[in-house]
Amino acid sequence: MRKFEDTYKHKGLRKKLIDDIREKGIIDENVLEAMMKIPRHYFLDQALGDIAYEDRAFPISEGQTISQPYTVAYQTQLLQIKPFEKVLEIGTGSGYQAMVLAEMGAQVFTIERQKKLFELNKNFTLRNRYPSIKYFYGDGFEGLPTFAPFDKILITAAAPMIPPKLQEQLKEGGMMVLPLDENDGQRMMRLTKLSGGEFKEERFGSFSFVPMLKGKKH
Ligand code: SAH
């Protein structure tokens, strides 16, 4: 079995990565601090070694990716996470983003549509460190009506449209961050639910995510 170690060298590389991300414009120190605590190399194949601390996305299994650290930081910063908030994440993938949210004190509900990725997460070493994360196998377009409403919702796959059921499951005053597919690429959006159920929409930079797909995959 693989032995996981978080050495001084890893911590040094991680510090450098965090400094990089800060330089690229991430100013929420709570986000950076959370990312400093999570050994990202645990999420990658051992053979990939120190590449874990480069600011880039990586393939995980099932043709999916662990998002680029800058992108994780960017989406998390837009969400303005506070301790004890209920956060719904669509697209568990490697589980890295969920752990960043949990490290910031959020109560995380994360959904993955691919059975294999969902199963992989069950046996992941770091999972026991974050009992505040609840993992679900399902279709993110449906959300989790039983646990709604949520303070924050984060979509980590490119959405073809703003999922109406997720809008419903957001608290008044709550925020949803998602990369939205548009003609000229994917646009990062932040929606804030106003009183009366209206939404304020803010548009940010363009990003590159794997697509958000309908239905579950076995
Ligand atoms: N947050 C992840 C990045 C995931 S990549 C991380 O930190 O590693 C996007 C993930 O969204 C993929 O695992 C993909 O299978 C999943 N996904 C795509 N469409 C989905 C849907 N409708 N519901 C749930 N998950 C979905």
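Author: Two strands count as paired if DSSP finds at least two bridges between them. The model discussed here is predicted.

Reader: Which residue in β5 is the bridge partner of E112?

Author: Strand β4 covers residues 107-112 and pairs with β5 in the parallel sense. Five bridges hold this pairing. E112 has its bridge partner in β5, and that residue is Y137.

Reader: Through which helix does the chain cross from β4 to β5?

Author: This is a β-α-β crossover, and it is right-handed. The helix lies across β4 and β5, at about 150° to β5. It spans residues 115-122 and is α5.

Reader: Is strand β5 largely enclosed or largely open, and how many of its five residues are buried?

Author: Buried means under 20% relative accessible area. Strand β5 runs over residues 133-137 and is largely enclosed by the rest of the structure, because its buried residues number four.

Reader: Which strands stand at the edges of the sheet?

Author: Seven strands form an open, mixed sheet in the order β5-β4-β3-β6-β7-β8-β9. Each edge strand has a single partner, so one side of each is left without a neighbour in the sheet. The edge strands are β5 and β9.

Reader: By what average angle are neighbouring strands of this sheet turned against each other?

Author: Direction is ignored in this value. The average turn is 15°.

Reader: Which residue in β4 stands opposite K86?

Author: Strand β3, residues 86-90, runs parallel to β4, and five bridges join them. Opposite K86 stands Q107.

Reader: How far is a nitrogen atom of the ligand from an N or O atom in the side chain of D139?

Author: The ligand has 27 residues around it, with E89, S94, E112, G140 and L213 coming nearest. A backbone N or O atom of R113 lies 3.3 Å from a ligand nitrogen. For T156, a polar side-chain atom lies 3.1 Å from a ligand nitrogen. For the side chain of D139, the distance is 3.0 Å.

Reader: What relative accessibility does E62 have?

Author: E62 lies in the loop between β1 and β2. Its phi is positive, about 60°, although E62 is not a glycine. E62 counts as partly exposed because its relative accessibility is 29%.

Reader: What is the phi of Q80?

Author: Q80 is found in the loop between α3 and β3. Q80 is partly exposed, at 36% relative accessible area. Q80 is not a glycine, yet its phi is positive, at about 50°.

How values were computed. Residues are numbered from 1 along each chain as its sequence is written. This is a predicted model: local features need pLDDT of at least 70, side-chain atom pairs count only at pLDDT 80 or more; totals for chains, interfaces and linings use all residues. Side-chain values use heavy atoms; hydrogens and water are left out. Buried means under 20% relative accessible area, exposed over 50%, partly exposed in between (1.4 Å probe, protein chains only). Helices (H or I, at least four residues) and strands (E, at least two) are DSSP runs, numbered from the N terminus. A crossover is right-handed if, with the strands pointing away from the viewer, the path from the first strand over the helix to the second runs clockwise. Axes are lines fitted to C-alpha atoms, for helices over the stretch in contact, and angles run from 0 to 180 degrees between N-to-C directions. Contact means heavy atoms within 4.5 Å. A residue is near a molecule or strand if one of its heavy atoms lies within 4 Å of it. A polar contact is a pair of N or O atoms within 3.5 Å; within protein, one must be able to donate a hydrogen and the other to accept it, and residues adjacent in sequence count only if both atoms are side-chain atoms.
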